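Visitor: Could you walk me through this model, one contact and one link after another?
Guide: Gladly; let us look at it together.

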Amino acid sequence: MHTGNNWGGSFEINHGEGELVTTSGEYDRSRTSEWDGAALYHHHQHLDETQQSWLLGPQEKKKTKYVDFGCIVISHKALKWILGSIVLAFCVIGLPIIIANSLPKHKSPPITPDNYSVALHKALLFFNAQKSGKLPKNNGIPWRGDSGLNDGNDTDVKGGLAGGYYDAGDNIKFHFPMSYSMTLLSWSVIEYPDKYKNINEYNHARDLIKWGTDYLLLTFNSSATKINKIYCQVGGHQNGSQAPDDHNCWQKPEEIDYPRPTLTCQSGPDLAGEMAAALAAASIVFRDDNVYSTKLIKGAQTLFAFARDNGKRMAYSRPYPADIAPYYNSTGYYDEYMWGAAWLFYATGNNSYLSLATNPGIPKNAKAFYMIPDLSVPSWNNKLPSAMLLLTRLRLFLNPGYPYEDMLQMYHNVTGLNMCSYLHNFHVFNWTNGGLIMLSRGGPQDLQYVANAAFLASLFVDYLNASGVPGWYCGNNYISSDILRSFATSQMDYILGNNPMNMSYVVGYGNKFPRHVHHRGASTPNDHKFYSCQGGWKWFNTNNANPNNITGAMVGGPDQFDKFSDLRNLYNNTEPTMAGNAGLVAALVSLTTTAGNGIDKNTIFTAVPPLYPQTPPSPPPWKP
């Protein structure tokens, strides 16, 4: 049978000679005579392969050669591919790396921290120096040790009230300003977490907050939903008393050997409201720890219920005219209602707290809209400007509308006017010739109020920037937000040394700072000798500088003439406080640009449900 020829014609294979024959059987010599030898040779070779593949079956394959490495056997071909790939990878990847590493290195210089971040590192250390209780090994203050381990042994608290913070240069634990300080620290961490992280202070700040909130949870029955008392102070001094106590003795806290009574408050909406704010704010900071955050929220709710109890609405300081009132007297509690309710709303998303914070009776009783200049000054005693700014945040970013809008708009307007009052050209407050605003109105320790106001001003600017608003109105005057930021920076620059004394009022910052700080622990040598209640006074009276620098402490500051006396006995000038340093920390982190700009806009709203404006009530029917 003939097979088809793909090149034209047909042919058959002669099994004897492999010659081509025509279909008639004749040998075609004319065609072969036209081929040369090489062509003929290849033709025969082609036919042999064709015979083998078409007629004789598949050709026997050559055996593949392998290389035995003992643990693995691999073919020659695969080995060649692998070796070739390695050589190619080396040329493409390895060789350029070797060349690059051999070239001279030009490292980009590290980001230089600005003055505010440098001061911030130091300001946080003040809180380490103020810790009471059994200190962690990494506390970082070599001249401090365990202290106050017997605090609260006169209470029903199992294990006592060890822990917390000493307030200032004495060894008293005032729970009212301590709570306010924890609220401010938490607020600053909530607004500026990335800044704290980028300068490696985030975990440090959280540790400081937790040290405070762990202690506050001990001061009341935090496992209950209803309480009838709060331990409101540990230690103290009664005016006129000569007995050994925290004012009559000059001893570092590690050597306290006199009784430290615990004061109990059966009422105190101001104290309970501030403590509730502190725990609620901290619950947002620790939202990544659900168990602890939930514990804080529960404690805050219990405290706020105590604060709102109609039968317990007497200022916490009123029963203690000699122990508390001379130092941290409270002048009202409706500002704490607004402040605590705002923080509980952010922590829980429960609208009942927002309804209370925007209840017209709250600002009315707090005189929030009277535009009294003193009420625009934020402090441990006056939460109005802070609370209204915190609620203005809600209006700017979530705009919940009815039924909250009218009151939130009022808070927003008053917040703007408070900011106006800080500006020099509106002459609401006096200023020193050196450029310091006198928010204390000539009173002592002005810097703590200045630092708090600088924080609120800087934060308000960040709120405006985050909402795309370039400024606000002071009456008919449009004020750019840059002007308000300049106020904040000018005040912090004054505190850090840009003042007529050329002195930094933050210990350890700059080359010139107070060396005779009114502080028992800092002024007493860490020489492992015991100094008695009266024996320690020699360290108070010495003209020598303190043997221990209490790094980061912001002292009380200068007078209205920009004069400052670095004398240990002038406590209004040289004594630091927790509330002052909390404001300092918050202001510094808001102003530093080392780690970026702006706030964390959304974290505070994590627990807040969607707020859709409700339908307002229908108007009354028309009567002709």
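Predicted model: local features only at pLDDT ≥ 70, side-chain atom pairs only at ≥ 80, totals over all residues.

Visitor: Which residues touch the most other members of the largest nonpolar core?
Guide: That core has 167 residues. Tyr 346 belongs to the group with the most contacts to other members, together with Trp 187, Trp 343 and Trp 472.

Visitor: And which helix gives the most to this core?
Guide: Look at residues 446-466. This helix supplies 14 residues to the core, and its name is H16.

Visitor: Are H9 and H11 roughly parallel or roughly antiparallel to each other?
Guide: The axes of H9 (residues 290-308) and H11 (residues 334-348) come within 11 Å and cross at roughly 150 degrees. Angles over 145 degrees count as roughly antiparallel. H9 and H11 are therefore roughly antiparallel.

Visitor: Which residues of H11 meet H9, and is the crossing left-handed or right-handed?
Guide: From H9 come Ile 297, Ala 300, Gln 301, Phe 304, Ala 307 and Arg 308. On the H11 side they meet Glu 336, Tyr 337, Gly 340, Ala 341, Leu 344, Ala 347 and Thr 348. The crossing of H9 and H11 is left-handed.

Visitor: How are H14 and H15 set to each other, oblique or roughly perpendicular?
Guide: The axes of H14 (residues 384-397) and H15 come within 8 Å, crossing at roughly 125 degrees in a left-handed way. Roughly perpendicular covers 65 to 115 degrees. H14 and H15 are therefore oblique.

Visitor: Which residues of H15 meet H14?
Guide: H14 brings several leucines to this contact, including Leu 389, Leu 391 and Leu 394, as well as Arg 395. Facing H14 from H15 are Glu 405, Leu 408, Gln 409, Tyr 411, His 412, Val 414, Thr 415 and Asn 418.

Visitor: How many disulfides does the structure hold, and in what pattern?
Guide: There are three disulfides. Counting the bonded cysteines along the chain, the pattern is 1-3, 2-6, 4-5.

Visitor: Where does Cys 474 lie, and which cysteine is it joined to?
Guide: Cys 474 is in strand E8 (residues 471-474), and its partner sits 54 residues away in helix H15 (residues 405-421). The link is left-handed, with -95 degrees about the S-S bond. At S to S 1.8 Å, Cys 474 is joined to Cys 420.

Visitor: Is Cys 533 buried or exposed?
Guide: Cys 533 forms a disulfide with Cys 249 at S to S 2.0 Å. The two are 284 residues apart, with Cys 533 in the loop between helix H18 (520-523) and helix H19 (537-541). Cys 249 has a relative accessible area of 0%. Because its relative accessibility is 12%, under the 20% limit, Cys 533 counts as buried.

Visitor: What is the handedness of the link of Cys 232 and Cys 265, left-handed or right-handed?
Guide: The disulfide of Cys 232 and Cys 265 has S to S 2.3 Å, and both cysteines are buried. With 85 degrees about the S-S bond, this link is right-handed.

Conventions:
Residues numbered from 1 in each chain as written. Heavy atoms only, no water. Disulfide = S-S within 2.5 Å. Buried < 20%, exposed > 50% of the residue type's maximum accessible area, 1.4 Å probe, protein only. Helix = DSSP H or I, 4+ residues; strand = E, 2+ residues; numbered from the N terminus. Core = buried A, V, L, I, M, F, W, Y, C linked by side-chain atoms within 4.5 Å. Axes fitted to C-alpha atoms, helices over the stretch in contact; angles between N-to-C directions. Parallel < 35°, antiparallel > 145°, perpendicular 65-115°, else oblique. Left-handed = near helix turned anticlockwise from the far one by under 90°. Contact = heavy atoms within 4.5 Å.
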